[in-house]
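Please keep the sequence and the structure in view while reading.

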Amino acid sequence: MGQLVNGNWDPAWYDTASTGGRFQRTVARFRNWITPDGAPGPSGDGDFRAEPGRYHLYVSYACPWAHRTLIFRALKGLEGLIDVSAVHPDMLDDGWTFATDFPGATGDAQFGLPFLRDLYTRAVPDMSGRVTVPVLWDKATGRIVSNESAEIIRMFNSAFDGITGNGRDFWPEPLRDQIEAVNTRIYRGFNNGVYRAGFATTQAAYDEAVREVFDTMDWLEDHLSRAPFLVGGVVTEADWRLFTTLVRFDPVYHLHFKCNRNRLVDFPNLWAYTRALYQVPGVADTVKLDHIVRHYHYSHDTINPNRILPINPVIDFAAPHGRAAPQI
Ligand SMILES: N[C@@H](CCC(=O)N[C@@H](CS)C(=O)NCC(=O)O)C(=O)O
């Protein structure tokens, strides 16, 4: 086992020296799938059958990737089937912790472990690699099903439908190619683009990333002036993947990650669209701005070493949006 850096065994996560100052995200390690009958999914092992109460979800309310899984859990009616533990927003030398001295930080509801890394070593004693949220845990076998949010939301989208009777489909077959194309563009230019801007350690790397962030926002603003949602006129996973970055934009990314050419509220269509998604029943409860603001400003030594929390504007996500209400 190597040396721990921010609770990780993977120093490369924060190492921008070898990349011209460019931040690079590594690939998630656990890639199994829950399926209705336990058949293997597109990757990993089988035998992760959809069953009520069998799985536990570990999240940070601050994390945009974990946030996607919370939204799908809410919209797909999985709250009674999959319980949740939420880490503390401060991610310091020990990485994510199960400290409970912050509202909404639940501790580890299963094992009472102190650190998220202890959960990973419980599953894989010789664990190496990044210790991240979200984590989908299988109580039946003591294994990690997945720590890749993009795949967890696809499992949640359909694997439990036979149990819940909830047939909402955010990944409809005929739209999949278009969704994939939009996801790819938004991931690079926006979801991960804000991180690439914020964690850049050279001017050139920052310039490159921040330009992509605002090119993407300009494109989205234009698209949403003509269409209600990203793909096919209906709400899909592409919208929810975009939403978790939008909701963090003015409270965090604008200042902390230096994405400050404009604020989200300066884009009338994108901002109204954000409010429309926020106001879908069940979504607002998944947005915990106190965790979001605290986590970023407290946890990144290189960006905000004195851990001063900014005053921040009041952002009214519940204000009327004037767009067609999402039919989901
Ligand atoms: N590919 C992963 C990425 C998850 C991820 O990067 N999570 C961040 C929080 S926003 C994390 O846990 N980072 C831990 C660390 O940096 O030590 C996913 O989408 O599920």
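## Arginine 185

Arginine 185 belongs to helix H5, which covers residues 176–191. Helices here are DSSP runs of H or I with at least four residues, strands are runs of E with at least two, and both are numbered from the N terminus. Arginine 185 is partly exposed, as its relative accessible area is 42%. A residue is called buried under 20% relative accessible area, exposed over 50%, and partly exposed in between, using a 1.4 Å probe and protein chains only.

Apart from neighbours within four places in sequence, arginine 185 is in contact with Phe190 and Trp219; contact means heavy atoms within 4.5 Å. Between arginine 185 and threonine 106 there are 35 Å in space, C-alpha to C-alpha, and the two are 79 residues apart in sequence.

## Basis of the model

The model is predicted, so local features need pLDDT of at least 70 and side-chain atom pairs count only at pLDDT 80 or more, while totals for chains, interfaces and linings use all residues. Residues are numbered from 1 along each chain as its sequence is written, and side-chain values use heavy atoms, with hydrogens and water left out.

At their interface, 21 residues of domain 1 are in contact with 25 residues of domain 2. The size of an interface is often given as the accessible area lost when the parts come together. Domain 1 and domain 2 bury about 1,900 Å² between them, with 58% of it on carbon and sulfur atoms; this buried area is the accessible area (1.4 Å probe) that two parts lose on being put together, summed over both.

The largest nonpolar core holds 96 residues, of which Ile34, Leu116, Phe156, Phe160, Trp240 and Phe249 touch the most other members. Because domain 1 and domain 2 both give residues to this core, it lies between them. A nonpolar core is a set of buried Ala, Val, Leu, Ile, Met, Phe, Trp, Tyr and Cys residues joined through side-chain atoms within 4.5 Å. Not counting residues up to four places away in sequence, phenylalanine 249 touches several residues, including Phe190, Val213, Met217 and Cys259.

## Cysteines

How many disulfides does a search of the whole structure find? The search finds zero. A disulfide is a covalent bond between the sulfur atoms of two cysteines, and the criterion used here is a pair of cysteine sulfur atoms within 2.5 Å. Cysteine 259 is in no disulfide, and the nearest cysteine sulfur, that of cysteine 63, is 17 Å away. Cysteine 259 counts as buried, at 0% relative accessibility, and cysteine 63 is buried with a relative accessible area of 7%.

Strand S3 (residues 135–138) runs antiparallel to strand S1 (residues 55–59), and four bridges join them. Two strands pair if DSSP finds at least two bridges between them. Tyrosine 55 stands opposite aspartate 138 in S3. S3 also pairs with strand S4 (residues 143–146) in the antiparallel sense, over three bridges, and serine 146 in S4 is the bridge partner of leucine 136. The hairpin of S3 and S4 has four residues between the strands, and glycine 142 takes a positive phi near 65°.

In a regular strand the side chains alternate between the two faces of the sheet. In S3, Val135 and Trp137 point one way, Leu136 and Asp138 point the other way, and all are buried.

Phenylalanine 48 is found in the segment before S1 and is buried, with a relative accessible area of 1%. Beyond its neighbours within four places in sequence, phenylalanine 48 is in contact with residues that include Ile34, Tyr55, Asp138 and Val145.

Helix H9 (residues 268–278) is largely enclosed by the rest of the structure, because nine of its eleven residues are buried. Among them are Leu270, Trp271, Tyr273 and Leu277. The buried residues of H9 pack against helix H7 (203–226) and H8.

Helix H10 (residues 289–299) is mostly covered, with eight of its eleven residues buried. These include Ile292, Val293 and Tyr296. The buried residues of H10 pack against helix H1 (64–75), helix H6 (193–199) and helix H8 (237–253).

Definitions and conventions. Domains from an automatic or database assignment.
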